[in-house]
Amino acid sequence: MVSDLEEKIEFDREKIRNSVRLQMPIEITTYTLSRNMEIYIYDILTAFLEECYQEHLIQNLKYCLGELLTNAKKANTKRVYFKEKGLDINNPQEYEKGMDQFKVDTLSNIDHYLELQKKSGLYIKVLLQFCGLEIKIQIKNKAVLTLDEEKKIRSKIQNAKKFNSIEEVYAKALDPSEGAGLGIIIIILMLQKVGLGKDNYKCYSTDRETITEIILPCNADIYNAVQLLTYEYVKLQEQIPIRLASYRQVRTILDKAEVNREELLKHIMKDDTLAFLLVKNTVDNEREQLDLKKALKQFTDDQLRNIFSSDNPDVEVMEFNDLESTKRHAQKVSFYVYNLVQNNPDFQEIFNAQEYYTLGLLDSIGLDLLRNPTQVQEQFIKDLSEQYDNSERIRTIFYDGMVGGFLAFMYMKKLKFSEETLALVSGWNTTNYVPERLQKYMPPLYVAEVLYAYSEHHIDFYQIDSKYLALFDIYTEDQFVYILNKLDDAFNEEY
């Protein structure tokens with residue numbers, strides 16, 4: 001029989017997969033760090049590292065995480081213990097006095113002190129996030145380091161250089177004032193075992209909490225293989241795939257003696273492949289235009305007939321795989337971002353609301369390309385991936401959508417789209433890779449994307465960056481859901 005804990009882990013697996021794909025943080029909060037919670041955290045870490053294709057790090061990082069959780073729990077316990085004893089933890093003399101009996105007193109009555117921690121809101125948070133080329137593991141606890149604690153941590157990080165093995169540490173590094181005091185040194189040695197070092201480990205305080213951070217590189221073998229597949233896939237992308245159903249609709253309009261441009265515009269605005277084809281032709285015309293109505297004005301009726309034609313060598317009309325999900329994603333994200341920007345001039349210095357709408361459409365083009373490969377692309381990717389170990393896994397990673405944004409970026413770069421368009425289409429969840437001058441224009445696309453991901457149950461509200469939501473006066477989940485429902489009601493009326 002599956003236990004409640006196992007059911008929860010199995011339930012969370014899909015959320016973990018989506019969080020890695022979307023590069024969203026996974027956060028777990030506890031106040032008492034019970035044994036069941038500790039097991040749960042280890043299982044989440046295991047699933048997370050598996051989704052990041054870093055299985056070989058699981059055992060070492062479980063140990064590191066266990067040490068850091070224990071340190072965080074102990075730091076919180078210290079705070080309530082010192083407060084109960086009437087001692088100032090920041091006073092060196094009182095700190096030394098408190099630590100004399102701390103271990104004995106708390107071990108003999110640990111439930112009491114854990115309950116005090118919970119009542120005082122002294123949390124422990126574990127944050128896991130795949131961030132492009134890095135994997136971030138953070139442990140936060142609501143206790144600011146004292147100067148003495150900070151000094152000891154820095155000393156232990158430096159002392160780690162002196163040791164070549166964990167056995168040597170146990171023989172030489174005892175710190176009776178803080179228990180064994182080996183955890184940080186052993187963590188660094190554990191990281192060294194997998195090719196990392198003290199630069200991958202950080203511990204620091206903000207004005208309200210202590211944060212311990214382990215930064216890991218992504219799996220270089222897999223990343224390099226997938227990146228190469230992406231480059232080659234884009235090289236082989238000679239035509240823009242157009243949905244057959246959408247093509248037939250616009251041809252009905254274009255085949256008439258007089259083209260009804262308003263009707264044509266409505267169809268283009270509801271299909272990302274049609275919008276992409278139109279904008280691509282404005283780029284070819286050396287006048288990139290993301291406002292679709294203005295883009296249409298660049299061309300005569302006959303030119304439009306040639307652009308939206310199966311005889312156009314740039315076009316491949318085809319039955320789409322995964323027709324509805326990518327199309328719906330494009331429609332909703334574009335609708336959301338348009339409405340978020342429409343009455344917010346702060347974001348309209350480079351792109352206006354109509355142009356943001358098109359950016360929302362184009363954001364899906366990478367997924368369209370991935371899920372509708374030509375026979376030549378499919379065979380080439382299969383042959384190329386066979387050069388690597390775990391070739392089947394590499395193909396799965398490539399096609400599952402994680403590289404959609406990067407593929408869109410590479411393809412649109414090949415077609416000579418502007419730097420601004422490239423950045424905004426591909427960078428909504430990797431803003432740290434977006435040029436600094438463009439980062440201020442990313443929040444509308446970010447919020448539009450998370451609205452969609454939340455509506456599809458791919459993410460939870462806590463995973464969304466609150467600083468971006470605050471730009472739209474969203475501070476609570478209720479406000480977020482209210483806006484989502486209002487937008488969806490308006491969307492359903494229009495679509």
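Student: What makes Asp284 count as partly exposed?

Tutor: Asp284 has a relative accessible area of 44%. With a 1.4 Å probe and protein chains only, buried means under 20%, exposed means over 50%, and partly exposed is in between. The value 44% falls in between, so Asp284 is partly exposed.

This is a predicted model, in which local features need pLDDT of at least 70 and side-chain atom pairs pLDDT 80 or more, while totals for chains, interfaces and linings use all residues. Residues are numbered from 1 along each chain as its sequence is written, and side-chain values use heavy atoms, with hydrogens and water left out.

Student: Why does Lys280 count as buried?

Tutor: Lys280 has 8% relative accessibility, which is under the cut-off, so it counts as buried.

Student: How do you know that Lys280 and Asp284 form a salt bridge?

Tutor: A salt bridge needs a side-chain nitrogen of Lys or Arg within 4 Å of a carboxyl oxygen of Asp or Glu. The closest N and O atoms of Lys280 and Asp284 are 2.6 Å apart, so the pair qualifies. The two residues are four apart in helix α12 (residues 272-284), which means about one helical turn between them. Helices here are DSSP runs of H or I with at least four residues, strands are E runs of at least two, and both are numbered from the N terminus.

Student: What makes Lys125 and Glu27 a pair that links distant parts of the chain?

Tutor: The side chains of Lys125 and Glu27 meet in a salt bridge at 4.0 Å, N to O. Lys125 is in strand β2 (residues 124-131) and Glu27 in strand β1 (residues 26-30), 98 residues apart. Lys125 is partly exposed, with a relative accessible area of 22%, and Glu27 counts as partly exposed at 26%.

Student: How many salt bridges does a search of the whole structure find?

Tutor: The search finds 31. Another of them joins the side chains of Lys15 and Asp460, at 2.9 Å, N to O. Lys15 is in helix α1 and Asp460 in the loop between α22 and α23 (466-470), 445 residues apart.

Student: Why can Phe308 belong to a nonpolar core, and which residues touch the most other members?

Tutor: A nonpolar core is a set of buried Ala, Val, Leu, Ile, Met, Phe, Trp, Tyr and Cys residues joined through side-chain atoms within 4.5 Å. Phe is on that list, so Phe308 can belong. Of the 95 residues in the largest nonpolar core, Phe308, Tyr356 and Leu424 touch the most other members. Helix α22 gives the most to this core, with nine residues.
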